[in-house]
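Here are a few notes to go with your first look at this one. Have the model open while you read.

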Amino acid sequence: MAVKRARPKRKLYTVAEANATLPLIRAIVRDVAELANSLRERHERLTRVEPGERSQMGQAYREELEHVRKELERDQERMGEYEQELKKLGVELKDYYTGLIDFPSWMEGREVFLCWRLGEPDIGHWHELDAGFAGRRELGTSLAQNN
């Protein structure tokens with residue numbers, strides 16, 4: 001006789017609930033992806049232009065570098081705020097650059113993830129908890145209706 005596991009206490013989304021949340025998620029994730037790409041680009045540029053420890057640089061150059069570092073720090077804090085917003089919604093940000101999000105869900109007696117990526121019109125995929133993006137499967141009509 002199969003034993004059903006109890007549902008976890010955290011927020012679990014149905015396909016309909018996840019789709020209803022997408023306008024808000026989409027707005028946040030769009031900001032996350034733009035900011036992530038900007039942070040990476042600025043960090044790489046800063047790394048290339050930062051002088052070595054013994055380098056002599058003018059005061060104006062030092063001030064400009066400090067300004068850029070502070071902007072990076074502020075934007076990293078803003079990224080943390082976006083992450084907290086998503087966490088409060090009960091979803092998991094899997095990839096900052098592509099905007100990959102997992103929604104915890106319950107299917108056939110077990111927890112799985114409904115999977116969505118920035119640019120997709122709605123929730124169309126799911127995967128096992130340990131499968132990740134490579135294990136994505138399309139939602140079947142019956143699953144979408146039963147969930």
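How many aromatic pairs does a search of the whole structure find? It finds 1, and the points below start from there.

1. Some ground rules. This is a predicted model, so to speak of local features a pLDDT of at least 70 is needed, side-chain atom pairs count only at pLDDT 80 or more, and totals for chains, interfaces and linings use all residues. Residues are numbered from 1 along each chain as its sequence is written, and side-chain values use heavy atoms, leaving out hydrogens and water.

2. The aromatic pair is Tyr13 with Phe103, edge-to-face, at 5.1 Å centre to centre and 85° between the planes. (Rings of Phe, Tyr and Trp, the last by its six-membered ring, pair with centres within 6.5 Å; planes under 30 degrees apart are stacked, over 60 edge-to-face, the rest tilted.) Tyr13 sits in the segment before helix H1 (15-49) and Phe103 in strand E2, 90 residues apart. Helices (H or I, at least four residues) and strands (E, at least two) are DSSP runs, numbered from the N terminus.

3. Buried or exposed? Tyr13 counts as buried because its relative accessibility is 4%, and Phe103 because its value is 0%. (Buried is under 20% relative accessible area, exposed over 50%, partly exposed in between, with a 1.4 Å probe and protein chains only.)

4. Tyr13 has another neighbour: the charged end of Lys11 sits over its ring, 4.7 Å from the centre. Arg40 lies over the face of Tyr97, 3.9 Å from the ring centre. (The test: NZ of Lys or CZ of Arg within 6 Å of the ring centre and within 35 degrees of the ring normal.)
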